[in-house]
Amino acid sequence: MPHSPPALAGPTSPPSPPSPTPPGARRSRRTDLLVALVAIVGAGWVTSGLWLDPNGRAITVNSSDQALFEWLLAYGAHALTHGQNPFFTELVNVPDGVNLAVNTSVTVYAAVFAPLTYSVGAPATFLVILTGNIAATAFGWYWLLSRKLVRSTPAAVLGGLFIGFAPGMVAHANAHLNWSAGWVVPMLLWGILRLRRPGRWLRNGLLLGLLVAIAFSIAAEGLFFTALACAVFFGTWALDRHRRAEARAALPDFLRGLGVTALVAFVLLAYPLWLHFLGPQRFHGTGFDPVIHAEDIAAYGAYPQRTLAGEAGLGTSLAPNPTEENSFLGLPLLVLAVVCFVVLWRRAGLERRATVRAIGVTTLVFAVLSWGPRVKIFGAHTDVPLPYALLGHLPVFNAALPSRLALVVAPLVGLLLAHTVDLLRAAAPSRRARVGWIAGFAVALLPLLPVPLLSTAREPIPEFVTAGTWRQYVSPGGVLTPLPLTLDLAPDGQRWQAYALSHRQGEFRIPSGFFLGPGGPDGRGRIGPVPRATDALLMRVAETGERPVITDADRAAARADLRYWRVEAVVLTDRAHGAKFPIHTDALREVTTALLGPPERVADVWLWRLTP
C-alpha cells in the first residue's frame with residue numbers, strides 16, 4: 001500500500017532474561033482484544049434473532065439461501081468424511097446432478113467446520129460462521145489499518161468498525177455466507193502488500209496463492225472484485241509521477257511474487273476451475289437481469305432498512321431486495337466523504353496525494369460500474385447507457401451482479417474516514433474544529449448503526465426424518481421427494497438432506513433443488529432445473545391453493561416424471577416451509593391424491609410409496 005507507518009525503534013533486549021513486554025505492545029494487545037470484543041458483540045447483536053433458536057428460526061427475507069448454505073455445509077462435511085466429490089453432487093437434481101463449482105460451495109468452511117456440523121448440526125454451524133464473518137470483517141480491517149495504513153489507533157478502530165458493519169455488509173448478513181465474509185479482503189490486501197518486500201517474492205507468492213485459493217472457495221465473486229479494485233487502485237497510484245520511481249523499484253519482486261501466486265492458485269484450483277468452465281452442468285452468465293440487479297444512483301444517498309435510520313422510517317426500497325442494499329450510505333456520509341477527500345488532498349504532500357487520488361478514482365470507477373448498463377434513479381429505468389454495458393458480456397463480468405460492485409465503495413469510504421482521523425490526530429486542531437468534526441462524524445455514522453436482522457420461526461424438520469424413519473421407505477441412495485418439489489421457494493428437501501447427512505443417517509437423493517444450473521435463456525444459468533409438468537403443477541398448487549381438475553393425462557405425466565426422477569417415496573408434511581409464501585399443504589394433499597392415489601400416514605407425514 002502506498003503508505004505504511006514507520007516501525008517503532010526500541011532498545012535491544014539481552015537474550016536472557018527476557019525483557020518485559022513494552023508498554024506500547026501491551027496497549028496494542030489490549031486494544032486488539034477490545035476491538036475483537038466489540039466486533040463479536042456487534043455481530044452477535046446483528047444476528048441475535050437467530051441465536052434464540054438456531055435450529056428453529058430463519059432469516060425472514062432470505063430463508064431460502066439460509067437453507068442452501070446449511071445444506072452446503074452438511075454436504076461438504078459428508079463429502080470430506082465419505083470420500084465424495086465436494087465440487088459435484090448427485091444427491092440433488094436427480095438424474096443430472098449439480099456442479100457445485102459454479103455455485104457458491106464454501107468448501108473451505110464446510111471442511112474446517114465439519115466437526116462442529118457433526119456435533120451441533122448445520123443450522124447452528126451456519127449461525128456460528130455468519131456471526132464470525134461479521135466480527136472477523138470488522139477486526140480484519142482494523143488489523144490491516146492499524147498495522148499497515150494509519151498511525152492512529154482511533155483511526156484504525158473507526159475505519160475497521162465502519163467497514164465491518166457497513167450497510168452492504170449487514171444486508172448480505174441476510175444468509176449470504178459468501179458476501180458476509182468480508183474478512184477475505186484485508187487478508188488478500190495484506191498478502192499483496194507483502195509482495196513488494198525485496199528478496200522475499202517466493203515465500204510471499206506462495207502465501208498469497210494459498211490465500212487466493214481460500215478466497216475463491218468462499219467468495220469467488222468477491223475475489224474477482226478485489227482483484228479488479230486492486231488493479232484500478234495500484235495502477236492509479238503507480239502512474240503518479242511522484243511514485244513512479246518507487247513503483248518501478250518494487251515492480252520486479254512484485255511481478256515475480258505475483259507469478260508464484262498465479263501458479264500456486266492454479267495448482268490448487270485447477271479441478272474446480274475445470275468444472276467451472278468445462279465441467280458437466282456448467283453455464284455461462286447468470287439468470288439474473290443486470291438491469292434489475294444494478295444499483296440505483298439515488299441508493300447511495302439513501303438509508304438501508306436494518307439501521308437506526310431505517311427503524312425511524314427513513315429506509316427505502318431502492319434495492320432489488322433487502323439482501324442487496326449494497327451502497328445505501330446516506331446523504332450525510334456522502335457529504336462527509338467528499339469533505340474528507342478535499343481535506344486530505346489539500347493537506348497531503350505530493351507523494352501522499354497519490355494515495356488520495358487512487359482512493360478517489362477507485363471509488364468513482366466502482367460507483368459508476370455498480371449503476372449497471374443503464375441509468376436507474378429513484379426506481380425509474382432509463383435508456384441512458386453506462387460503461388457497464390461494454391463489460392457485461394465479457395467472461396467473468398457476465399457472472400457477476402453489477403450492483404455488488406458497490407460493496408467496494410464502502411471500504412474505500414472507510415479508508416477516507418480513517419485517514420482523515422489519522423490526519424486530525426496528528427494536526428491537533430482547535431477545540432472548535434474538533435467539535436465540528438465529531439458532530440459531522442456523528443451525524444453521518446450514527447443513523448447507520450445496525451439493528452438485528454429480521455428473523456422468523458420456520459417449520460421443524462418432521463419426525464419422519466429426524467427419527468430416521470425414511471430409511472424404511474427409501475433404499476440406500478434412493479430418491480425421496482418432499483412436496484412441493486425442492487426449489488428456492490420451497491427449500492425443505494435440502495433442509496431434510498442436511499439433517500440426515502449431518503446426523504450420519506445416510507443418503508437419500510432428491511429431484512430438483514435450489515442451485516444454479518443450465519437451462520436459462522441464451523445459454524445462461526437459472527435457479528433449479530427446467531421444470532417438468534408435474535413439479536410445475538404442484539408448485540402452482542402450493543403457492544395458490546387452487547385445486548385443478550386432474551385428468552388421465554396429468555396422471556400419466558406424473559407417473560412419467562416420477563420414473564424419470566426414480567422416486568421411491570413422495571412425502572408431504574402437515575406444515576411445509578415456504579420462503580416467499582405460505583405452502584397450501586391441504587390443497588397439495590388433495591391434488592397429489594388425485595394424481596397418485598390415497599397416501600398412508602407414517603409418523604407425522606403423508607407418504608406415497610412408488611416402485612422406482
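A salt bridge is taken here as a side-chain nitrogen of Lys or Arg within 4 Å of a carboxyl oxygen of Asp or Glu. The structure is a predicted model, in which local features need pLDDT of at least 70 and side-chain atom pairs count only at pLDDT 80 or more, whereas totals for chains, interfaces and linings use all residues. Residues are numbered from 1 along each chain as its sequence is written, and side-chain values use heavy atoms, with hydrogens and water left out.

A search of the whole structure finds 14 salt bridges. E221, E324 and R404 are linked in a network of such bridges. R404 lies in the loop between α15 and α16 and E324 in the loop between α12 and α13, so the pair ties together parts that are 80 residues apart in sequence. Helices (H or I, at least four residues) and strands (E, at least two) are DSSP runs, numbered from the N terminus. Burial is assigned from relative accessible area, with buried meaning under 20%, exposed over 50% and partly exposed in between (1.4 Å probe, protein chains only). R404 is buried, at 11%, and E324 is likewise buried, at 2%.

A salt bridge is also formed by R357 and D240, whose closest N and O atoms are 2.3 Å apart. This pair links distant parts of the chain, with R357 in helix α14 and D240 in the loop between α10 and α11, 117 residues apart. R357 is partly exposed, with a relative accessible area of 30%, whereas D240 is buried, at 7%. In a further salt bridge, the side chains of D574 and R601 meet at 2.7 Å, N to O. D574 is placed in the loop between β10 (567-573) and α22 (585-596) and R601 in strand β11 (residues 600-602), 27 residues apart. Both residues are partly exposed, D574 with a relative accessible area of 41% and R601 with 39%.

Helix α14, which contains R357, spans residues 352-370. Its 19 residues reach 28 Å from the first C-alpha to the last, close to the 27 Å expected at 1.5 Å a residue; the expected span is 1.5 Å times one less than the number of residues. The buried residues of α14 include A354, V356, I359, F366 and L369. Their cover includes α10 (201-239), α13 (331-347), α15 (388-391) and α16. The helix is followed by G372, whose phi is positive, near 80°. Helix α16 (residues 409-427) holds T420, which is buried at 0% relative accessibility. With contact defined as heavy atoms within 4.5 Å, and residues up to four places away in sequence not counted, T420 touches C340, L344 and W437.

Strands β4 (residues 374-377) and β5 (residues 380-385) run antiparallel and are joined by three bridges; two strands pair if DSSP finds at least two bridges between them. K376 has H381 in β5 as its bridge partner. The two strands form a hairpin with two residues between them, and F378 in the turn has a positive phi of about 50°.

The peptide bond from V94 to P95 is cis, with omega near 5°, and P95 is found in the loop between β2 (88-89) and β3 (98-99). The bond from L483 to P484 is also cis, with omega near -10°, and P484 is in the loop between β7 (479-482) and α19 (492-502). Q281, in the loop between α11 (244-278) and α12 (308-314), has a positive phi near 60° although it is a residue other than glycine. The relative accessibility of Q281 is 22%, which counts as partly exposed. S512 likewise has a positive phi, of about 60°, and is not a glycine. The place of S512 is in the loop between α19 and β8 (516-518), where S512 is buried at 5% relative accessibility.

R306 is also found in the loop between α11 and α12 and counts as buried, at 17% relative accessibility. Leaving aside neighbours within four places in sequence, the contacts of R306 include V170, E311, L449 and P450. The C-alpha atoms of R306 and A155 are separated by 25 Å.
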